[in-house]
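Take a look at the protein shown here.

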Amino acid sequence: MNCGKNLQLKGLYEAIALIGQGGMGRTFRAKDLGRLGQPCAIKQFLPQFREPELMKKAIALFESEATQLKALGSHPQIPELIAYFEEEGCLYLVQELIEGENLYNELQSQGIFSEAKIYHLLEDILPVLQFIHDRQVIHRDIKPDNIVRKKEKGKRKKSNSQLPITNYQSPIPNSPQSNLVLVDFGAAKAFTTDTANRTGTLIGSAEYIAPEQARGKALPQSDLYSLGVTCIHLLTGISPFDLYDDVSDRWIWRDNLQTSISSHLANILDRLLARAISNRYSSANKVLQDLHSLVNLSSASAVAPPSNIQNYAQVYPQIRQLQELLSLGQWQESDRLTNKIILELTNKSKIAELKADDINNIACDIWIAIDQAWMEFSNNRFGWSTQKQIWKSLGGKMIYEEDTYWEFANIYEKFSDRIGWRKPRWFNLEFSPKIWRKYENLTFEIAAPRGHLPSLFFWEGFNLVDTVFYRLEICRQTRENS
């Protein structure tokens, strides 16, 4: 504003405000007059040093960003290159303006990421990495700062139909369009088999960099390593420097988790973080396949998954949706989704149709994952484990036979009274006859009686109480003994 330079570059790109600056230059919010004033971003190359050798490398990196963005073409999760040029002795790069918050700032403002958010991150970013790796490009600077959650503003641009995003087809039905964008391709470079064994310049952020990249030999798997480090930083909120123990030469991120996560996700992250390239995933597609695989849902589970594999694959992402709902305190939506998951797995239309065999045919990982989600986000107030504890405290057994039905019914009424599914008929008097609440009159709040939710056994499913509790107990014993 004060130097007297023209704010319109090439007569097309008009700078409006400074939105960021660093040692290599400045970034401006701008508008593209050639596109009816559409918002864009202008990057101005303006390094704070003048040493010839450093300048040469810096210019090469700035030019590389333009080259790589141009080579990658159009993709909804990569900033679109609009122009690259020199004017009045300065280099400029004009690209799509990505408005939103990067994941590092999101971590600072919202706290550590839940397991569900990490799943969504992987599902969103892995296809982008496969896309760029398929085009022989390595990003080399994957970190929370360079992943932006884009604000919703109408429809996103479509990717070039001639360039498939990935060969991997996600099993998630009707999954929402991705809103995470991978930015800052200033460190990206082209990769060929000739360059794989050639030592190059050390580029990347020290906290997230893969061992081979630290030696100047970046590979596509180096981006996967950095993505794994990004995930454990977001899960723990702790600097990756403090998540690695130099004495034992191993990652100790699991010891720093504030809440437990599934063995399924933990195993995937450990493989992303493998120091030896041969022990790491070979491609982003391989990670995605493991993310949704049945084989790896839990290495500890000795119980076979149900035979209906397609149905199972569709339900598992719903558990991550359940975690998100519970983390937001949306108790009724979570309760309904819990029942929906069980019904979809058993191909039943209502809870009353469920039988003991249906319960026993559902994989242990499903029971444990749902129960852990309820327990974690309610601080052990809700969940089947809490209900089972109350059931046993009232003298309830894990298995009832037909000839002990009345004993079962008596315990079930006491159980329902304790957790608030029945209420006194008159004025909340203790001696008053009890009546069943209607579903819509259950208390969908954290202040509800302990064990009030989930409501799988409420009225229609009362005959499943001992079956589900017994199944959950067997599943946990199987996992502990494995």
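Accessible areas come from the Shrake-Rupley method with a 1.4 Å probe. By that method, the accessible surface of the protein chain comes to about 23,500 Å². Carbon and sulfur atoms hold 49% of that surface. Keep in mind that this is a predicted model.

**The chain as a whole**

The protein chain has 482 residues, and 50% of them count as buried. Its secondary structure comes to 15 helices and 15 strands. Contacts can also be sorted by distance along the sequence. Take those in the protein chain between residues at least 6 apart in sequence: 64% of them join residues at least 24 apart.

Strands of a sheet pair through backbone hydrogen bonds, either parallel or antiparallel.

Now follow strand 5 (residues 81–87) to strand 6 (residues 90–96). The two run antiparallel, and six bridges join them. Leu81 has Gln95 of strand 6 as its bridge partner. Glu86 stands opposite Leu91 in strand 6. Strand 5 and strand 6 form a hairpin, with two residues between them. In the turn, Glu88 has a positive phi of about 50°.

**Empty spaces**

Rolling a probe the size of a water molecule over the atoms shows where empty space is left. This structure holds four cavities of 30 Å³ or more.

| Space | Volume | Lining residues | Classes in the lining |
|---|---|---|---|
| Largest cavity | about 110 Å³ | 13 residues | six nonpolar, four polar, three charged |
| Second largest cavity | about 90 Å³ | 14 residues | seven nonpolar, five polar, two charged |
| Second largest pocket | about 970 Å³ | 35 residues | 12 nonpolar, 13 polar, 10 charged |

Start with the largest cavity. Which lining residues lie nearest its centre? They are Glu115, Ser262, Gln323, Ala369 and Gln372. Helix 3 (115–134), helix 9 (309–327) and helix 12 (364–377) each supply at least two residues of the lining.

The second largest cavity has a volume of about 90 Å³. Closest to its centre are Ser114, Glu115, Thr259, Ile261 and Glu376. Helix 3 and helix 12 each supply at least two residues of its lining.

Several elements each supply at least two residues of its lining: strand 2 (13–21), strand 3 (25–32), strand 4 (38–45), helix 1 (52–72), strand 6 and strand 7 (100–102).

How values were computed
Residues numbered from 1 in each chain as written. Predicted model: local features only at pLDDT ≥ 70, side-chain atom pairs only at ≥ 80, totals over all residues. Heavy atoms only, no water. Pairing = 2+ DSSP bridges. Helix = DSSP H or I, 4+ residues; strand = E, 2+ residues; numbered from the N terminus. Buried < 20%, exposed > 50% of the residue type's maximum accessible area, 1.4 Å probe, protein only. Contact = heavy atoms within 4.5 Å. 1 Å grid on protein atoms, 1.4 Å probe; cavity = no way out; pocket = protein on both sides within 12 Å on 5 of 7 lines; lining within 4 Å. Points joined across faces, edges and corners; volume = space filled by probe spheres on them. Nonpolar A, V, L, I, M, F, W, Y, C, P; charged D, E, K, R; others polar.
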